[in-house]
Every structure is written in structure tokens, then in C-alpha cells.
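Biologist: Hi! Could you walk me through this one?
Modeller: Happy to, let's have it on screen.

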Amino acid sequence: MNKRRVAAAAVSLCLMAGAGPATAGSHLWRIAEIYSNADGTIQFIELREIGGSSDETRLEGRWFFTNNHYYVFPNDLVGDTTYGSFLMGTETYAAQPGVPAPDYVVPDNFFDPQGDTMVWFTYDTFDVVDGQVPVDGVHSLIRISLEQAVNTPVNFSGANGRVLDPAADYDADGYLDPQDNCLLAANEPQRDTDADGYGNRCDADLNNDGVVNFADVGAMKAVFFTANADADLDGDGAVSFADLGILKEGVFGAPGPSGLVP
């Protein structure tokens, strides 16, 4: 009997035994975000509380199945769970700098991004199909919309961050993602004329107030058709409509390595 059938059988047995009915404690958690790098070593699964309950803490003894792994939660959560998240991360994920610490550490290759079945106790099941979970080292799958977006893991304490796969060069500009000052668009050779750590291609915040907005549109218009280095976002030597187009990509967002999506 394969792992998927074992998981299905376990669910059926729990339901027969009375473990399945929704009871306060853990039944309002749902799989929300799924991430994997190409070789499956760096992975996380984020679950979110969907009912506004403050007491969904009792995870000890509950389990999480994939086709190749069976994980039993060793302890409960402690704290208010209202619309919160908790994070399962692989051992290699947990060793990455700058990521939110996983609340529970699972083995590397915990799931197969090319096709798998995830079963969270008797409460939630999600079938992963081939190509659904991106493996580019940058994006993750948002379960509710089935869309791919830049990964945003959040753990139970509320810490958030981003996985930067140490082996990935998403924009193929020759700079690996953890060292790239403009992660999602090529910014050769790491051009950063205002020396704020953000490559020009993803730094339309011309007044450096932390957000791209109409003030920056005004600042760009003031130097339009000049060679102003900071407003020359594409590095072609002139401030033009191409640069204004780049600014529009990130308006009302934050500047930074993944602030502008090409």
C-alpha cells in the first residue's frame, strides 16, 4: 500500500474513531503557502488559522502526511492563534540566514513539488500537481488563489522574511540571489548610483522615503530627458519613458531587491 493510501486509510480510521469532528484546538488551521527550491532541500509549508479562534494551539500528537513522509507534531503552540500562522520548514531551510525560524522542523525533501498529496490531520488535504509549485528559488504557491508569488514565510511569532536560495540566479544576471541587489530583474553590473544597497532597476524611490509614490513620479519628471543617474533606472544613460514605466511597476510598493516585478 503506497503512502497516499496509508494517509487516506489513517484519515478514515480517525473519523471512525471519533477524531475527525471539528473540535476546538487545531481544526481551523489550513495549508496556505508552499515553497520548494529545485532540489527539494529548502522547503516550507505555512498554515494559517482561518476562523478567528484564539485557542487553536493543541497540535501535539497531530500529524501531517505527504506521500513520502509522516510527521507527528511534538508539542503544542503557545499563545494567541487568532488569524495567525505557523511554519513547517526543512532542516536546510532552518539553516538559511534571514528566514523566519520554523516552528516545526521536518526532513529535507518533505514533499515532492512535481506531484504529491499533503494531508494535515483530518482537517485539510491538498493535492500538488506537476508545475503548480514553482522551484525557481524565489516564488511559492499561494494555496487559496493557486497563484505563484514571491515567497513570504511567516512563523507563529509573526516573524517574516524571504527565502533566498543560495544556488539560484532568478534573473540570470550572473549574481546569485543572496548577493543580488535587484532580485527579479537583471541589473548589470549591480548598478546602485545612490549607494543604498538597492539596484537602480528596483529602486524607483527617488526621495528615499521608503515607498514609491507620486512624489517619486514628480522627482522623475523634474529630470526627464536628462542623464540624472539615480532616475535612470534602466541604465541606458538617459531618463526616459522606459524609466517611467519601471517606476509605474512598483508604485505604492517598497523599493528593494524584490520590490519591482518585471
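Biologist: How do strand 3 and strand 4 pair?
Modeller: Strand 3 (residues 63-65) pairs with strand 4 in the antiparallel sense, over 3 bridges. Strands here are DSSP runs of E, at least two residues long, and helices are runs of H or I, at least four residues long, numbered from the N terminus. Two strands pair if DSSP finds at least two bridges between them.

Biologist: Before we go on, what should I know about the model?
Modeller: This is a predicted model, where local features need pLDDT of at least 70 and side-chain atom pairs count only at pLDDT 80 or more, while totals for chains, interfaces and linings use all residues. Residues are numbered from 1 along each chain as its sequence is written, and side-chain values use heavy atoms, with hydrogens and water left out.

Biologist: Thanks! Which residue stands opposite Tyr-70 in strand 4?
Modeller: That's Phe-65.

Biologist: And what is the strand order in the open sheet?
Modeller: The open sheet has 4 strands in the order 4-3-7-8, with antiparallel pairing.

Biologist: Switching to helix 3, which of its residues are buried?
Modeller: Asp-216, Val-217 and Met-220. Buried means under 20% relative accessible area, exposed over 50%, and partly exposed in between, with a 1.4 Å probe and protein chains only.

Biologist: What covers the buried residues of helix 3?
Modeller: The cover includes helix 4 (241-249), with contact meaning heavy atoms within 4.5 Å.

Biologist: Which residue caps the N-terminal end of helix 3?
Modeller: Asn-213 does, with a side-chain oxygen 3.0 Å from the backbone nitrogen of Ala-215.

Biologist: Now Asn-151: buried or exposed?
Modeller: Buried, at 0% relative accessibility. Asn-151 sits in the loop between strand 10 (147-150) and helix 3 (214-222).

Biologist: What does the side chain of Asn-151 reach?
Modeller: The backbone nitrogen of Val-163, at 2.7 Å. Beyond neighbours within four places in sequence, Asn-151 has contacts that include Glu-33, Tyr-35 and Phe-44.

Conventions: A polar contact is a pair of N or O atoms within 3.5 Å; within protein, one must be able to donate a hydrogen and the other to accept it, and residues adjacent in sequence count only if both atoms are side-chain atoms.
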